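Subject: Two-chain model for your files

Hello,

Here is the structure I said I would pass on. My notes on it follow below the entry.

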Amino acid sequence: MSPPRPKPKLDQENRAFWTGGAEGKLNITRCNDCGQYTHPPRILCRHCQSENVAPEAVAGTGEIDTFSINHQPWAPGLEVPYVIARVRLDGVPGVYLTTNIVNCAVDEVNFDDKVRVTFEERDGIFYPLFEKAN
Amino acid sequence: MAKREAYISGVGQSEVGVRLPRHPLLLTVDAVKEALDDAGLTLDQIDGVFSFPGKSHGYLAFSPVGTDELIEVLGIKSKWQMGAIEQPAQLSAIGMAAWAVKEGICRHAICFRTVYEAGGMANPEEYMPLRHDTVSGFTQWTAPFWATSAACWTAQYAARHVHKYGMTREQLGQIAINGSKNALLNPRARAITKEELTLDKYMSARMISTPLCLYDCDRFSDASTVIIVSAGDALDEVKATPIRIAAASGSVDRYSWDQVEWFAAYDAGRDLWKNTDYKPKDVDTVQFYDGFAFLPITWLEGLGFCERGEGHRFIEGGTRIARDGELPLNTGGGQLGAGRLHGFGFAHEAVTQLRGAAGPRQIPGDPKVAVATSGGGPMAAALLLARD
């Protein structure tokens with residue numbers, strides 16, 4: 001039994017990201033003035049400093065930009081190996097998510113693989129993990 | 001008035017070990033005393049104290065000693081001090097001391113970095129360990145996915161180098177192998193490296209986070225390293241050969257380990273040459289931050305010793321970066337060979353080499369110019385050091 005994932009401390013800036021999975025949404029903060037995305041989410045747009053920002057549900061698909069197979073158990077009982085990937089999100093230029101690629105063997109993961117989000121819920125946090133899209 | 005220069009006038013280091021019983025404040029005082037002795041200075045001549053990252057109350061073993069308490073226990077009449085983590089990497093503390101002496105605010109400043117990460121693990125009640133159950137700040141974007149360590153974060157960019165530029169494990173392994181060879185000639189590294197790392201042993205090591213294996217990651221150590229920075233017009237008080245801080249650079253574009261395209265070493269590397277007439281070809285030795293073996297490759301590329309995406313080919317076979325090679329790297333063993341001194345060890349070794357004081361590991365050819373770097377991921381600082 002793997003230990004529980006570290007739990008993000010929710011605040012005004014990150015709540016929509018970590019809880020959006022309750023409605024099946026991958027929320028990324030977007031500026032209603034310049035249209036660009038700010039991730040990690042902030043209370044203002046990092047591109048034009050507008051305060052007119054809001055979480056937007058994005059497609060939830062993307063590609064594996066880079067990845068590593070992790071063999072080190074960083075906590076007692078953590079099951080290894082597992083894949084840590086940096087996913088570039090479709091339609092969200094310049095934004096990457098560090099995540100895990102799940103529901104496949106670690107040696108089936110490759111650069112540029114198409115992936116889609118799948119949420120793992122625990123204690124009110126919806127962790128956006130990704131699985132291969134086909 | 002002519003521009004005042006800043007020099008490194010003394011270096012010192014405590015015993016370096018794993019789970020040392022000696023209190024980290026005492027290790028720090030040991031290193032201060034050695035550095036003062038080296039420079040020929042006394043405590044009453046010190047008027048500034050600079051450190052990275054300052055006392056780390058949330059994770060005490062990472063940085064157990066602050067500038068305030070050093071000022072207190074050493075009776076220093078300090079004119080300026082700083083101990084802050086919001087700087088462009090560890091060696092920026094030396095850059096700030098250089099600024100203070102150039103401005104005439106300080107004449108002789110102590111810069112220090114004390115680590116107690118091994119001893120702290122043995123005594124978690126006194127040296128609060130990092131919490132993993134609840135995360136906030138930048139770690140909330142990695143830790144929930146069990147990308148717990150900077151090894152995992154660095155591995156993402158190293159894996160890209162494998163995929164995009166063809167870096168092999170045999171090439172990457174040269175950093176740790178070179179470090180172990182040099183560490184065996186460094187008396188302060190005896191507790192960290194006991195035998196030479198062979199390529200066979202490297203290739204059969206267990207993986208941490210691909211492509212980084214056990215030997216690509218530095219090891220928690222207990223030690224203190226001190227660098228004394230003096231004003232150019234105070235050198236008549238100094239007995240050791242002064243080493244000029246010829247240039248410094250730093251970079252933080254975004255403090256994020258996963259949103260940046262390239263590590264900050266590329267910008268800091270480019271910028272080190274902006275305020276000096278020296279060029280990469282003038283450099284006799286480089287001391288590059290190697291908390292993870294991939295990082296020196298980013299520094300080689302960032303500083304322009306080779307093209308972007310060519311660093312692993314530059315170090316192939318290890319001859320170019322050996323002590324008798326064209327660009328001796330991490331001649332004291334680096335952090336992989338001589339312990340996780342967290343940045344300051346690179347300045348210490350550069351000064352030692354430039355003075356010709358490195359004993360059996362001394363590089364040939366009367367070295368006059370060195371680069372020392374620190375940082376990884378989104379933060380980086382570099383120093384160009386010269387013996388006039």
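The contact between the chains comes first: 26 residues of chain A are in contact with 28 residues of chain B. Please keep in mind that this is a predicted model. On the chain A side, at least two residues each come from β1 (7–8), β5 (61–70), β6 (82–89) and β7 (96–102). The most is given by β5(A), with five residues. Sorted by class, the side of chain A that touches chain B holds 13 nonpolar, nine polar and four charged residues.

There is also strand pairing across the two chains. β1(A) pairs with strand β5 of chain B (residues 134–135) in the parallel sense, over two bridges. Within that pairing, A:P8 has B:V135 in β5(B) as its bridge partner.

Chain B contains an open sheet of nine strands, with mixed pairing, in the order β3-β2-β4-β8-β1-β9-β12-β11-β10. The edges are taken by β3 (80–83) and β10 (285–287) of chain B; each has a single partner strand, so one side of each is left without a neighbour in the sheet. From one strand to the next the twist averages 30°.

One pair inside this sheet can be described in detail. Strand β1 (residues 6–13) and strand β8 (residues 222–231) of chain B pair in the antiparallel sense over seven bridges. B:A6 has its bridge partner in β8(B), namely B:A231. Helix α3 of chain B (residues 92–102) packs on the sheet. The strands of chain B that helix α3 touches are β1, β2 (48–51), β3, β4 (108–116), β8, β9 (243–251) and β12 (379–386). The direction of α3 makes about 25° with that of β8(B).

Now chain A as a whole. Chain A has one helix and nine strands, and from the N terminus on its elements run β-α-β-β-β-β-β-β-β-β. Its C-alpha trace spans about 45 × 30 × 25 Å along the principal axes. The radius of gyration of chain A is 15 Å, which agrees with a compact globule, because one with 134 residues would have a value near 14 Å. Of the 134 residues of chain A, 37% count as buried. As for contacts in chain A between residues at least 6 apart in sequence, 51% of them join residues at least 24 apart.

Regards

How values were computed
Residues are numbered from 1 along each chain as its sequence is written. Chains are lettered from A and ligands numbered from 1 in the order in which they are written. This is a predicted model: local features need pLDDT of at least 70, side-chain atom pairs count only at pLDDT 80 or more; totals for chains, interfaces and linings use all residues. Two residues are in contact if their C-beta atoms, placed from the backbone, lie within 7 Å. Helices (H or I, at least four residues) and strands (E, at least two) are DSSP runs, numbered from the N terminus. Ala, Val, Leu, Ile, Met, Phe, Trp, Tyr, Cys and Pro count as nonpolar, Asp, Glu, Lys and Arg as charged, and the others, Gly among them, as polar. Two strands pair if DSSP finds at least two bridges between them. Axes are lines fitted to C-alpha atoms, for helices over the stretch in contact, and angles run from 0 to 180 degrees between N-to-C directions. The radius of gyration is taken over C-alpha atoms; the globule rule is 2.2 Å times the number of residues to the power 0.38. A residue is buried if 20 or more other C-beta atoms lie within 10 Å of its own, exposed if 12 or fewer, and partly exposed in between; C-beta atoms are placed from the backbone.
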